[in-house]
Amino acid sequence: MKKKTLPVKQLCAALMAVAGIGLTGGQAQAQAADAFPTKAIKLVVPFAPGGVTDTSGRIVAEGLSKRLGQQVIVENKPGASGNIGAQQVATSAPDGYTLFLALDGTLVINPHAYSKIGFDTLKDFEPIAKIGNSVIILAANPNVKAKTLKELVALANSTPGGLSYGTSGNASIVHLAGELLKQQSNSNFVHVAYKGGGPAVADALAGHIPLTFASAASINQHLKAGTLVALGVPSATRSAAYSDIPTFKEAGIPGIELNSWVGVMAPAKTPAAIVAKLNKEINAVLQDPTVKAKLLGSGIEAANTTPAEFGDEIKRDLAMYKPVVEKAGIKVN
């Protein structure tokens, strides 16, 4: 009896189906996402260990490791205000195994302040999820004769040479907060750039400078002790953790809605299914009460975003900061 044989085309199709070759792009991506990850993931933090950004990355990495069943290893790659780490990730394989801990300053301010940065914010990265917003506070030495933001603007304009405010550095998000306040209130504030937030806060405490724009985590103890006085936050709404501090808009200076955010991104062209899986797992980590409390202790209020929502915020901020940087003449070599 003659054996039945499949026509060549049918035989090839059957073999391809067994091997998964005949799957559609979406099916193949879904299968890849189901299996992902099969090895350790690297999370590149573009700053030195110990800061708020690094701490938030380690908190999320720990929770993500538990949920994914694979270790998420934090690799610090500091330099050039985050540009070096960003460039490393931008040129990495888009397979989900190299991720970037993105800070607003690196992605939405540096492109306007640096002549060369080695990456394109919108073309070289795939947004995954926002971790949260870091609370920024304008604080004054108690000897400053202004107790409200309106009084502070009047004092700045009546003081010869203006009022100085210290920040963690040139072209930082806190520097931009000060420039926005100066531009929107038409006031005489003078920026003093320090090599880190610690020295700026120390000089404000000592009275060497009257003001500092700083992260909440770096001045929280001083606010509680009364050695620094909070005058406002530049965000659109009051911080849940600092609900007694008015926004700039509430204090009489509209037109300033600024958030300092941190999030997770991947190289461009990372498969959508892997991005979606990472987004789901990161958001699950961020909803854990213990994680929320740890982040809040670092001055970060946990978020819950889709990749598209996070991407839209990046686009808005990138466009918003361009005229501010140009008007202030901020340049970093």
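The model is a predicted one, in which local features need pLDDT of at least 70 and side-chain atom pairs count only at pLDDT 80 or more, while totals for chains, interfaces and linings use all residues. Residues are numbered from 1 along each chain as its sequence is written, and side-chain values use heavy atoms, with hydrogens and water left out.

The C-alpha trace spans about 105 × 40 × 30 Å along the principal axes of the protein. Twelve helices and eleven strands are present; these are DSSP runs numbered from the N terminus, with helices being H or I of at least four residues and strands E of at least two. Of the 333 residues, 48% are buried, where buried means under 20% relative accessible area, exposed over 50%, and partly exposed in between, for a 1.4 Å probe and protein chains only. The accessible surface amounts to about 15700 Å², and carbon and sulfur atoms contribute 55% of that area; the areas come from the Shrake-Rupley method with a 1.4 Å probe, and for residues only the protein chains shown count as cover.

As to charge, the protein carries 31 positive and 23 negative side chains, and the centres of the two sets are 7 Å apart. Lys and Arg count as positive and Asp and Glu as negative, without His and the chain ends; each charge is placed at NZ of Lys, CZ of Arg, CG of Asp or CD of Glu.

Helix α6, residues 149-158, shows how burial is arranged locally: L149, L152, V153 and A156 are buried. Viewed down the axis of α6, these buried residues fall within an arc of 100 degrees, so they line one face of the helix. The arc is that of the directions from the helix axis to the C-beta atoms. An α-helix has 3.6 residues a turn, so residues three or four places apart point the same way. The cover over the buried residues of α6 includes strands β5 (136-140), β6 (163-167), β7 (189-193), β8 (211-215) and β9 (229-232), together with helix α7 (173-185).

Some backbone details lie in loops. F36 and P37 are joined by a cis peptide bond with omega of about -5 degrees, and P37 belongs to the loop between α2 (25-35) and β1 (41-45). S81, although not a glycine, has a positive phi of about 55 degrees; S81 sits in the loop between β2 (72-76) and α4 (83-90) and is partly exposed, at 34% relative accessible area. N186, also not a glycine, has a positive phi of about 55 degrees. The loop between α7 and β7 holds N186, which is exposed at 67% relative accessibility.

How values were computed: Contact means heavy atoms within 4.5 Å.
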